[in-house]
Amino acid sequence: MTQQVTTPRREALHLGLVLGGIAFFVALMLSVANSVTAPIIEQNTKEQETIAFSALFPDATDFKEASPGEPGLTPSASTAYQDGVLLGVVVTATPRGYGGEMELLIGFDTELRVTGIQFITISESPGIGTLVQEESYWGQYIGQSEFDGVDAITGATVSSKAVKSGVTAASELAMAILAQEVQ
């Protein structure tokens, strides 16, 4: 009977093949899991978006992606319709506050008046910067098309200025989209 001698090189090759096989299997399983869950995640994202948009335009029966230029621009926008009649525009704005970037959904009616603001993500300081999420602050924008009279929050001026800049930028995009829709 002969005894097989293993060399360090042969052991390394064997170990490399085994680890490579495991890595390939794991990558394959992740790929399969991604292909199964990607459509579900996309559907859930669409549903959450529709819920948030509906909070800004409760009477809307349809939302369509809109852009005055190339689709997929940031900020992005969608038009809101009720039985084919244009109600307004929902714009996603991402201003930078004290704690970083925040994501807002802002609704504008056809007269460019704010119909509502939804905070999707915010990383401002709890108790100070997050005060911009309270209706006592964002409620100042409702029904307004000019934002000079909106008061900043004492102690959270960076956060409140960020929201104001986001609403102002969103208003400009909404104006361009509405001008395009009316043509």
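**Ground rules.** I am working with a predicted model, where local features need pLDDT of at least 70, side-chain atom pairs count only at pLDDT 80 or more, and totals for chains, interfaces and linings use all residues. Residues are numbered from 1 along each chain as its sequence is written, and side-chain values use heavy atoms, with hydrogens and water left out.

**Aromatic rings.** I looked up ring pairs (Phe, Tyr or the six-membered ring of Trp, centres within 6.5 Å; planes under 30 degrees apart are stacked, over 60 edge-to-face, the rest tilted), and the structure holds three. Tyr137 and Tyr141 make an edge-to-face pair, at 5.7 Å centre to centre and 75° between the planes. Tyr141 also pairs with Phe147, and this pair is tilted, with 5.7 Å between centres and 55° between planes. I noted Tyr137, Tyr141 and Phe147 as one aromatic cluster.

**Burial.** I then checked burial (buried is under 20% relative accessible area, exposed over 50%, partly exposed in between; 1.4 Å probe, protein chains only). Tyr141 counts as buried because its relative accessibility is 0%. Phe147, at 7%, is buried too.

**Sheet.** Next came the strands (DSSP runs of E, at least two residues, numbered from the N terminus) and their pairing (at least two DSSP bridges between two strands). Five strands form an open sheet in the order 1-2-3-6-7, paired antiparallel. Strand 1 (62–66) and strand 7 (114–121) are the edges, each pairing on one side only. Strand 3 (residues 85–93) and strand 6 (residues 103–109) pair antiparallel over six bridges; Ala93 has Leu104 of strand 6 as its bridge partner.

Conventions:
Helices (H or I, at least four residues) and strands (E, at least two) are DSSP runs, numbered from the N terminus.
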